[in-house]
Amino acid sequence: MKIGIVTDSTSDLPAYLNEEHNIQVVPTVLVIEGKEYLDGIGVSREDFYTRLPSLRTPPTTAAPSIGDFITPYKTLLSQGCDHIISIHSASQLTTIINVARQAAQVFPNKIICIDSGSLTMGLGFQVIAAAEESEFGLKPALDAIASTRQRLQISAALDTMEYLRRSGRVPATVAALGGVLSIKPVIELIEGQVKPIGAVRTTSQADERILNLLLKEGELQRLAILHTNAEHRARKLLNEMMSCVSQSVPRDVLFVNVTAVIGAHLGPNGIGFAAVRK
């Protein structure tokens, strides 16, 4: 049995991993001052984050169209796939999974659409787990997704809550943090829900809080250090983690400058991690 894998660009997977596993990635849409861009095309992540604070109107995002999903589904089925696992970002935060499900109806009993309950590499690690197990069949791939999801932790320290607050994608209790002057909110993403962990006054305190959260995860199977155009802080986080732990760190730690479609709702100068416990 041949299994195909489809995801969307909010998975933040590096291109080499998509190529290695023949993962089809559907780009989401970014709108900057009235101009539409496909995620990752036409504007770099670095340029986007540099421009973001000075934009006259907040950027917006949109899900792909039904046709955008039909194309990779058709491609994989034409390549001999018996089934396709289509796994996407949390339904509480985006409509992407709903569009994928509509497209899947064109191919009855062929497409399994899965709500990852996550974003960026929290989604990406579930996609990779499915791809690695897909050669053994549909059930092992689905089991790998479920197992990864159960062992996943995503936490972040934002430079400000303002971008998340105005996105309307968080509960009022979380958004209220944005009203506190000069704080660095620390949040986590659990089953599609953005939840506050706390707030600190300085960037160094935020970095220390994220480091402590990461160290609590114990021995890790997978790790991605996430940032929104703050790579220096991100690499410092990993170095400090490695100096504090006795157990081995995953061999292929990913550094991800989070895609602009997500970063539009987070703002620049944030750091965090996505980790999967062993």
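Q: Helices (H or I, at least four residues) and strands (E, at least two) are DSSP runs, numbered from the N terminus. With that in hand, what does helix 4 lie across?
A: Helix 4 (residues 96-104) lies across strand 1, strand 6 (83-88) and strand 7, where contact means heavy atoms within 4.5 Å. Helix 4 runs at about 170° to strand 7; axes are lines fitted to C-alpha atoms, for helices over the stretch in contact, and angles run from 0 to 180 degrees between N-to-C directions. Helix 5 also packs on the sheet, touching strand 1, strand 2 and strand 6, and its direction makes about 170° with that of strand 1.

Q: What kind of model is this, and how are its residues numbered?
A: It is a predicted model, in which local features need pLDDT of at least 70 and side-chain atom pairs count only at pLDDT 80 or more, while totals for chains, interfaces and linings use all residues. Residues are numbered from 1 along each chain as its sequence is written, and side-chain values use heavy atoms, with hydrogens and water left out.

Q: What makes strand 2 and strand 7 edge strands?
A: The open sheet has four strands in the order 2-1-6-7, with parallel pairing. Strand 2 (23-26) and strand 7 (111-115) each have a single partner strand, so one side of each is left without a neighbour in the sheet. On average, neighbouring strands of this sheet are turned by 20° against each other, direction ignored.

Q: How do you know that strand 1 and strand 2 pair?
A: Pairing asks for at least two bridges found by DSSP between two strands. Four bridges join strand 1 to strand 2, so the two count as paired. One of the residues involved is T7, whose bridge partner in strand 2 is V25.

Q: Why is the contact between D12 and R45 called a salt bridge?
A: A salt bridge needs a side-chain nitrogen of Lys or Arg within 4 Å of a carboxyl oxygen of Asp or Glu. For D12 and R45 the N to O distance is 2.9 Å, so the pair qualifies. D12 lies in the loop between strand 1 (3-8) and helix 1 (15-21) and R45 in helix 2 (residues 45-51), so the pair ties together parts that are 33 residues apart in sequence. By this rule the count comes to 11 salt bridges.

Q: Is D12 buried or exposed, and how do you know?
A: Buried means under 20% relative accessible area, exposed over 50%, and partly exposed in between (1.4 Å probe, protein chains only). D12 has 4%, so D12 counts as buried. R45 has 27%, so R45 counts as partly exposed.

Q: What makes R233 and D207 a salt bridge?
A: Their closest N and O atoms are 2.4 Å apart. This pair links R233 in helix 10 (residues 231-244) with D207 in helix 9 (residues 203-216), 26 residues apart. R233 has a relative accessible area of 16%, so R233 is buried, and D207 at 13% counts as buried too.

Q: Which residues touch the most other members of the largest nonpolar core?
A: A nonpolar core is a set of buried Ala, Val, Leu, Ile, Met, Phe, Trp, Tyr and Cys residues joined through side-chain atoms within 4.5 Å. In the largest one, of 51 residues, they are I5, L30, F48, I85 and M121. Helix 5 gives the most to this core, with seven residues. Apart from it lies another core of 22 residues, including L211 and L238.
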